[in-house]
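Please consider the structure shown below.

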Amino acid sequence: MQPRILWLYTRFAALVFALGASVAMAAPPDTLLRVLDPVILKVTPQFFLPDTTLQSEARCGIWDPNKINIYDEDVTKLPDTISIRLIDSLAGRNFKFPVRGHVTSPFGPRRMYGYGFHFGTDIKLNKGDTVVAVLDGVVRVVRYDRGYGWFVMIAHADGMESLYGHLSKPIVKPGTEIHAGEALGLGGNTGYSFGAHLHFELRFMSVPIDPTRVVSFEDGKLLASTVRIDKSWFQHLVELRMVRYHYIRSGDTLGGLAGRYGTTITRLCMLNGMTTRTLLRIGRPLRVN
Ligand SMILES: [Zn+2]
């Protein structure tokens, strides 16, 4: 079954659930059985693509209100291109930009306190500004984390999720349905944050993706109503997993190597458990990323 059809199908079934047991009893027994059956949600043999409705996710055993990462598929080996229809204006499902503000730090590698990879996009805001859900979905996680501070995670259709960090106050509860444009919390400066901003992530199968492939941060609009995700979207993971070594040659200096490998002396020392005074022995392997 196509993910889109599945979405509509389970939405209908969820409605039947919501109408109560007496009405549900009147529905064809097959309808209920299909919602409860996780096998039906296996769209391809390799990948498990759930719908966002609480009912189906919860019953598939991957609904977890505490864990940030719930999938453990290796998306860098995704065999196919997966089309995900993000919005449907006829059905009233649209996209909304999470908060008005400019980008202060984009998704991608960044040099801050050594070397790191920024899995989100930082958007400037004032403490107390309303932060809204970008797409329809179900609130999955609401909690405090040392890094993210107070954050909210929303599960959308077909394995897409969004995360909103450093909030001063979340105002939603896990398990509730939320629609694009509805408030989920107030912006702030909690967790590992220096100055009020929103750390916004878009994720597929628990892996943060480059949101500029989905949304224009210039005008706050979705680039297309359907995204086609393949393994190229996860190239950053492949690169991050690759550990490289440099074998010390005569004349090498930490400063020179840091420049050559796009890192810092501090980072090189940290990676190799050494100080700036440690002798660079010729032939010794030095981890450079
Ligand atoms: Zn950030």
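Where is the place of Tyr148? Tyr148 is located in the loop between S7 and S8; helices (H or I, at least four residues) and strands (E, at least two) are DSSP runs, numbered from the N terminus.

## Basis and confidence

This is a predicted model, in which local features need pLDDT of at least 70 and side-chain atom pairs count only at pLDDT 80 or more, while totals for chains, interfaces and linings use all residues. Residues are numbered from 1 along each chain as its sequence is written.

The average pLDDT of the protein (the predictor's confidence in each residue, from 0 to 100) is 79, and 76% of the residues score at least 70. Over residues 1–55, pLDDT stays under 50. For that segment the model has 66 contacts beyond four places in sequence, two residues being in contact if their C-beta atoms, placed from the backbone, lie within 7 Å.

## Overall composition

The protein contains 7 helices and 19 strands. Of its 289 residues, 31% count as buried. A residue is buried if 20 or more other C-beta atoms lie within 10 Å of its own, exposed if 12 or fewer, and partly exposed in between, with C-beta atoms placed from the backbone. Among contacts between residues at least 6 apart in sequence, 63% join residues at least 24 apart.

## Strand pairing

Two strands pair if DSSP finds at least two bridges between them. Strand S1 (residues 82–85) has Ile82 and Ile84 on a covered face, and Ser83 and Arg85 on an uncovered one. S1 pairs with strand S17 (residues 226–229) in the antiparallel sense over 4 bridges, and Ile84 stands opposite Val227 in S17.

With S8, the pairing is antiparallel over 7 bridges, and Val141 stands opposite Met153 in S8. These two strands, S7 and S8, form a hairpin with 3 residues between them. S7 is also joined to strand S11 (residues 177–178) by 2 bridges in the antiparallel sense, with Val138 opposite Glu177 in S11.

Strands of a sheet pair through backbone hydrogen bonds, either parallel or antiparallel. In this model, 3 strands form an open sheet in the order S6-S12-S10, with antiparallel pairing. Strand S6 (130–132) and strand S10 (169–170) stand at the edges, each with a single partner strand, so one side of each is left without a neighbour in the sheet. S6 and strand S12 (residues 183–186) are paired over 3 bridges in the antiparallel sense; Val132 stands opposite Ala183 in S12.

## The largest nonpolar core

In soluble globular proteins, nonpolar side chains tend to be buried together. A nonpolar core is a set of buried Ala, Val, Leu, Ile, Met, Phe, Trp, Tyr and Cys residues joined through C-beta atoms within 7 Å. The largest one here has 46 residues, of which Phe151, Val152, Ile154 and Tyr164 touch the most other members. Two or more residues come from each of S1, strand S7 (137–145), strand S8 (149–155), strand S9 (160–167), strand S13 (197–204), strand S14 (207–209) and S17. S8 gives the most to this core, with 6 residues.

Residues up to four places away in sequence being left out, Phe151 touches Asp145, Leu163, Tyr164, Gly165 and Leu167.

## Selected residues

Tyr148 counts as buried because it has 24 C-beta neighbours inside 10 Å. Apart from neighbours within four places in sequence, Tyr148 is in contact with Gly165, His166, Gly191 and His199. The C-alpha atoms of Tyr148 and Leu198 are separated by 9.7 Å, although these residues are 50 residues apart along the chain. His166 lies in strand S9 and is buried, with 29 C-beta neighbours inside 10 Å. Although it is not a glycine, His166 has a positive phi of about 65 degrees. Met205, in the loop between S13 and S14, also is a residue other than glycine with a positive phi, near 50 degrees. Met205 counts as buried, with 24 C-beta neighbours inside 10 Å.

Beyond four places in sequence, Val103 is in contact with Thr121, Asp122, Ile123 and Phe217. Val103 and Ile123, 20 residues apart in sequence, are 4.5 Å apart in space, C-alpha to C-alpha.
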